[in-house]
Amino acid sequence: MVLPLPRRPQSTYRGRFAPSPSGLLHFGSLISALASYLHAKSCQGKWLVRIEDIDPPREQAGASSAILTTLEAFGLHWDEEVLYQSRQTQVYLDVLDYLKQQKLSYFCQCTRAEIKAAGGIYPGVCKSRDHPAANSAIRLINSAGHYQYQDIFQGPVSCDPALAREDFILLRKDGLFAYQLAVVVDDICQGISHVIRGCDLLEPTARQLSFYHILGQPSPRYGHVPLAVTNEGYKLSKQNKAPAIDNQRPQPALIAALTFLGQAVPPELISCSVEEIISWAIRHWSLDKVPRKQQITLPE
């Protein structure tokens, strides 16, 4: 049985930015979006946008369209039609059916409390229990367990080997698709060759590399830029209610994001238009100048 995926070959550079509509874009989001955009454009590649709207309880009404409006206001224009994960349901179901037919998944009824009591890492107890589909999650039989990889910005990355070997969830008990399933399937479908994003996803990348291996698909190259954190040590995130960036005055945030990414911004750039700032940033984008740190504390 062939993996049932419509996919584009990774023949050229294809990057992407994939926000969730759980809130508006904040400064941390801008850093990731800008880094992925500049890396793609400096390599004469395509830059795509994907809206990760597969968790309706967490979504904010109107956030999807607001995110796209913000990207355009900041001069970050995508090259192909926006992909919405909510429209990928049949594709995900086809992949789950493929994994079932290949005996690469199983039903699990363990609770979070049971897993926590077992040490916090799922021990694989349901693999031999032959649970029914009702009230079950679906887990991948993780035969790969990649826990080390080479990151574009962070260099050699090592994750917890036990966590990397865990049979992780692909479909939740509540019927919602898990992030690990959707992100890998969509990156394959879109032919993504490079994934540039924040360091909060360093460990999940190991699982994604394992999933690519199990599916027999080439994986993208990954690069993780530093996270922006507050003096209290909290990363800027929608969950932490980070303030939205200002669509009406994009230039100061763009300059701040470029500076955060280590780019040598000339002072006169602050008086330029958004288009001029982005054009300068593409021409002068330097991987070597991006700080090799997992997080940077923002000045007050």
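Me: What should I keep in mind before I start reading?

Reply: Residues are numbered from 1 along each chain as its sequence is written, and side-chain values use heavy atoms, with hydrogens and water left out. In this predicted model, local features need pLDDT of at least 70 and side-chain atom pairs count only at pLDDT 80 or more, while totals for chains, interfaces and linings use all residues.

Me: Let's take the sheet. In what order do its three strands run, and is the pairing parallel or antiparallel?

Reply: Strands of a sheet pair through backbone hydrogen bonds, either parallel or antiparallel. Here strands are DSSP runs of at least two residues and helices (H or I) runs of at least four, numbered from the N terminus; two strands pair if DSSP finds at least two bridges between them. In this model the open sheet has the order E1-E2-E3, with parallel pairing. E1 and E3 (83–84) are the edge strands, each pairing on one side only. Between E1 and E2 (residues 46–51) there are four bridges, and Arg16 stands opposite Leu48 in E2.

Me: Which strands does helix H2 touch?

Reply: H2 (residues 63–73) packs on the sheet and touches E1, E2 and E3, its direction making about 155° with that of E2. H6 also packs there, touching E1, E2 and E3, at about 145° to E2. Contact means heavy atoms within 4.5 Å; axes are lines fitted to C-alpha atoms, for helices over the stretch in contact, and angles run from 0 to 180 degrees between N-to-C directions.

Me: Now the cysteines. How many disulfides does a search of the whole structure find?

Reply: A disulfide is a covalent bond between the sulfur atoms of two cysteines. The criterion here is a pair of cysteine sulfur atoms within 2.5 Å, and the search finds zero. The sulfur of Cys108 has its closest cysteine sulfur in Cys126, at 3.7 Å, so that pair is too far for a bond. For Cys126 the closest is in Cys110, at 3.5 Å, again too far.

Me: Is Pro19 buried or exposed?

Reply: Buried means under 20% relative accessible area, exposed over 50%, and partly exposed in between (1.4 Å probe, protein chains only). Pro19, in the loop between E1 (14–17) and H1 (27–42), has 6%, so Pro19 is buried. Ser20 is in the loop between E1 and H1 and, at 22%, counts as partly exposed.
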